[in-house]
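Hi,

Here is the structure I promised to pass on. Have a look at it first, then read my notes on its salt bridges below.

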Amino acid sequence: MSYRKLKADQLFTGLTLLNNNEVLVTKPDGEIISIESADNAGDDIEVFKGIITPGFVNAHCHLELSHMKGLIADKTGLADFVYKVINERHFGEGEIFDTIKKAEAQMGESGIVAVGDICNNNLTLAQKLRHTLRYYNFIEASGWAPPLSKSRWERSKILYDEFTTGHLTASIVPHAPYSVSDALWEKLIPVFEGKTITMHNQETHFENEFFLQGTGDLLRMYEKMNISNSFFSPSKKTSLQTCFHKLSKAASVILVHNTFTTQEDIDYINETKPDYQLVSFCLCPNSNLYIEDTLPPVEMLVKKDNLIILGTDSLASNRSLNILDEMKTIQFYFPFVTLEKLLQWATFNGAQALQMNDIGSFEKGKKPGIVLIENVDEGKLKIESASKRLL
């Protein structure tokens, strides 16, 4: 059997950034054989400028919204953004299918190999059945009015069955604390066991205000949507501390955005989560800047060694679905985060969060995808830095 032997300025294993004396040896289909020193790797070594890394994991995406690129102005705030997504997402299916296909192709070309994708309908199903990329499909349930709980649950279950009948990985997940009633939570909790469960978390400070005091801009959003809020009483706790215990059966929990998460929230998670549960904080900085013009507390999350992963959100709230663009933004605003750490967030950590343990790192027997990052300057990404799939 012939092997591919790949060498670059640096080799990132999924955990460690190695020097330029290491060679990645793979089967022709990308299955990892070993990492060898250049002295022991023999002939026929392919040499590249840049960094060779495992394929990227986009841990939070809304592929089904790809047709909404540029339709919603930036810096609208979350309440108006959510309202516009709900009311302006309806296009012809042909156009939606075309944008889904194009967006997925761009993700693949930029080095993304796996996606945690939010699904409110089956419009992405046909493309996913082509198995171009790997997906963990998060069938999103929402319904703030308690009388809707039965119909919203049934709709989510039908959609879940559609995806899993096609042998795609899926779980039914809550949209956000402010959009899932207690009655709907009761239906969701039993299906969390052993699954990866994701939830939009503290994307706006109004979310915490609503649960702490019953006030804030979310009330205006409910009014615009003609949703009665008369049944609600504030928990007098942050949104995360109000509902995190309801996720206890999940094997892996992905909290997305975390823009207004506090150290007290993180302490609460660490004190209450079961030992078997992996909790990840998914950062989507370009989306946070687009919607709320703010960023998550990266320094706090890093200091406490929390598991961080990366996502892009949707083209309704981002200008690309490129994980490298998220890494550039984090490096620009938080230059203390090393490139090695950013790469780990984009590869190994994301794979662990999605329970895709056969990707994310260059370990024997894995097929993680192989990506080249070009135009890297002394351990720093540049505006010109670009990524592409090699295998």
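Let's start with Glu31, which is partly exposed at 21% relative accessibility; buried means under 20% relative accessible area, exposed over 50%, and partly exposed in between (1.4 Å probe, protein chains only). Its salt-bridge partner is Lys27, with 3.5 Å between the closest N and O atoms. Lys27 is partly exposed too, at 22%.

Before going on, some background. This is a predicted model, where local features need pLDDT of at least 70, side-chain atom pairs count only at pLDDT 80 or more, and totals for chains, interfaces and linings use all residues. Residues are numbered from 1 along each chain as its sequence is written, and side-chain values use heavy atoms, with hydrogens and water left out.

A salt bridge here is a side-chain nitrogen of Lys or Arg within 4 Å of a carboxyl oxygen of Asp or Glu. That rule gives 18 salt bridges.

Another one joins Asp80 and Lys224, whose closest N and O atoms are 3.1 Å apart. Because Asp80 sits in helix α1 (residues 78–88) and Lys224 in helix α7 (residues 217–224), this pair ties together parts 144 residues apart in sequence. (Helices are DSSP runs of H or I, at least four residues; strands are E runs of at least two; both are numbered from the N terminus.) Asp80 is buried at 17%, while Lys224 is partly exposed at 33%.

Finally, Glu374 pairs with Lys388 in a salt bridge, at 3.9 Å between the closest N and O atoms. Glu374 is in strand β16 (residues 370–377) and Lys388 in strand β17 (residues 380–389).

Cheers
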